[in-house]
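Subject: Model handover

Hi,

Here is the structure I promised. Please look it over first; my notes follow below.

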Amino acid sequence: MNRRDWLKTAGMAGVAAALPLGSLPATAQDKRGPTTVKVELKRLNLRHTWTTTMSSSTYRDTVHVQYLRDGITGYGEGAPIQRYEITPEQAMAAIAASAGFIAAGDPRQFDKLFTQVRGKLGPNQHAAMAAVDIAMLDWWGKKLGVPLYEYFGLDPADAPVTTFSIGIDTPEITRQKTAEAADFPVLKIKVGLKTDKETIEAVRSVTKKPLRVDANEGWTDKEQAIREINWLETQGVEFIEQPMPAHMFDEIKYVRSKVHLPIIADEACTSAAMIPKLREAYDGINVKLDKAGGILESYRWIQIARSLNMKVMLGCMICSSCSCTAAAHLSPLVDYADLDGSLLIANDPYVGGVKVEKGKLILPNEPGLGVRLA
Ligand code: MG
């Protein structure tokens with residue numbers, strides 16, 4: 001990087017820290033014209049207060065990137081959460097500080113460029129990386145004139161149904177949320193607090209449809225986890241996501257040997273390199289763009305898990321339809337989808353992305369992601 005670029009970059013990082021909901025463009029000029037990278041935070045308001053074992057919130061701030069080159073704009077989004085130790089402000093500052101470098105790179109060589117950008121963004125900046133990866137692959141799909149699923153050689157007819165998630169709530173609200181999700185053939189229920197039985201009984205008082213359960217690391221005693229899982233098996237549950245804290249690897253291995261339901265790693269799966277080891281304690285992994293760092297790395301995780309005969313679930317954080325649609329383009333590759341993040345919010349900044357019909361994901365047949373600003 002020359003001194004002028006360095007000064008520009010350093011200056012932008014300072015502005016980013018002072019402007020939590022601001023917007024920062026960076027521009028690089030080459031012989032094909034200027035390339036602009038813009039990053040901003042958007043506040044997404046939740047339809048219902050969202051409670052899991054980790055937190056309770058009424059909104060989420062996510063990071064949005066626009067990559068403008070050759071008159072084409074690519075859109076990207078990252079949703080950093082506290083569990084992975086990065087705030088939205090830190091993710092935005094990291095992108096702003098790397099924006100000059102990103103703008104100067106060649107998007108047609110995105111594989112190499114993404115490795116370099118990941119290094120620039122710094123440790124744990126997976127959601128920031130996802131925002132950049134999604135924006136640049138959206139741009140590349142638009143430039144080539146192909147939808148991203150087609151770029152990856154996938155058949156949109158293979159896209160699975162997505163679950164609709166029910167966060168932890170009172171039995172009355174849980175019944176109401178379950179009734180509101182009537183169109184979805186499978187539900188994902190958040191548990192892991194002391195109210196698990198009441199939650200499942202509230203859901204079961206409204207519907208008999210299959211359930212998937214996410215404990216979000218909530219059970220810390222292995223015998224308790226076994227009791228809970230064996231009871232959930234009697235309640236028409238298909239699998240359990242992250243029953244115990246990610247670091248309790250040996251305990252989860254023991255639990256898995258004592259139950260019938262498949263166990264899926266979510267919080268325990270944070271890099272491609274750890275997937276072979278996870279097979280000793282889990283039947284599958286939950287791939288998220290915000291954990292892997294975008295579409296390209298998620299594709300790699302999926303292929304690694306497949307090669308190990310593991311089940312693959314594709315999930316998302318609470319996010320807009322930009323990030324959900326990006327994940328949906330890979331969904332023809334997976335067994336289970338949980339891509340309801342944008343359905344949980346009331347003010348989606350994008351239109352035209354993935355649709356859900358009776359639970360099935362319908363991929364947009366437009367170049368790139370297929371989303372536009374609302
Ligand atoms: Mg989960």
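Four residues form the hairpin that joins strand 2 to strand 3. Strand 2 (residues 33-51) and strand 3 (residues 56-69) pair in the antiparallel sense, over twelve bridges. Pairing here requires that DSSP finds at least two bridges between two strands. Lys42 stands opposite Thr62 in strand 3. Helices and strands are DSSP runs numbered from the N terminus: H or I with at least four residues for helices, E with at least two for strands.

Some ground rules. This is a predicted model, in which local features need pLDDT of at least 70, side-chain atom pairs count only at pLDDT 80 or more, and totals for chains, interfaces and linings use all residues. Residues are numbered from 1 along each chain as its sequence is written, and side-chain values use heavy atoms, with hydrogens and water left out.

Overall picture. The protein chain has 13 helices and 16 strands. Its radius of gyration is 20 Å, close to the 21 Å from the globule rule for 374 residues, so the chain is as compact as a globular protein of that length. That radius is taken over C-alpha atoms, and the rule is 2.2 Å times the number of residues to the power 0.38. Along the principal axes, the C-alpha atoms fill a box of roughly 65 × 40 × 40 Å. Buried residues make up 58% of the 374. Buried means under 20% relative accessible area, exposed over 50%, and partly exposed in between, with a 1.4 Å probe and protein chains only. Among contacts between residues at least 6 apart in sequence, 67% join residues at least 24 apart. Contact means heavy atoms within 4.5 Å.

Eight strands make an open sheet in the order 5-6-7-8-9-10-11-12, with parallel pairing. Strand 5 (164-166) and strand 12 (336-338) stand at the edges with a single partner strand each, so one side of each has no neighbour in the sheet. The twist averages 25° from one strand to the next. Helix 7 packs on this sheet, touching strand 6 (187-190) and strand 7, and its direction makes about 155° with that of strand 6. Such angles run from 0 to 180 degrees between N-to-C directions, with axes fitted to C-alpha atoms, for helices over the stretch in contact. Strand 7 and strand 8 (residues 237-241) pair over three bridges, with Leu211 opposite Val237.

The metal site. Asp214 (OD), Glu241 (OE) and Asp266 (OD) are the protein donors of the magnesium ion, lying 2.1 to 2.2 Å from it. Donors are N, O and S atoms within 2.8 Å of the metal (3.2 Å for Na, K and Ca); water is not among the atoms, so sites may look incomplete. Along the chain the donors are spaced D-x26-E-x24-D. Asp214 in strand 7 and Glu241 in strand 8 are 27 residues apart. Glu241 is buried, at a relative accessible area of 0%. Its contacts beyond four places in sequence include Lys188, Asn216, Asn286 and Met313.

One lysine to check. Lys209 lies in the loop between helix 7 (196-204) and strand 7 (211-214). Lys209 is buried, with a relative accessible area of 15%. The side chain of Lys209 reaches the backbone oxygen of Ala181 at 3.2 Å. Beyond four places in sequence, Lys209 also touches residues including Phe184, Pro185 and Arg204.

Best wishes

Methods: A polar contact is a pair of N or O atoms within 3.5 Å; within protein, one must be able to donate a hydrogen and the other to accept it, and residues adjacent in sequence count only if both atoms are side-chain atoms.
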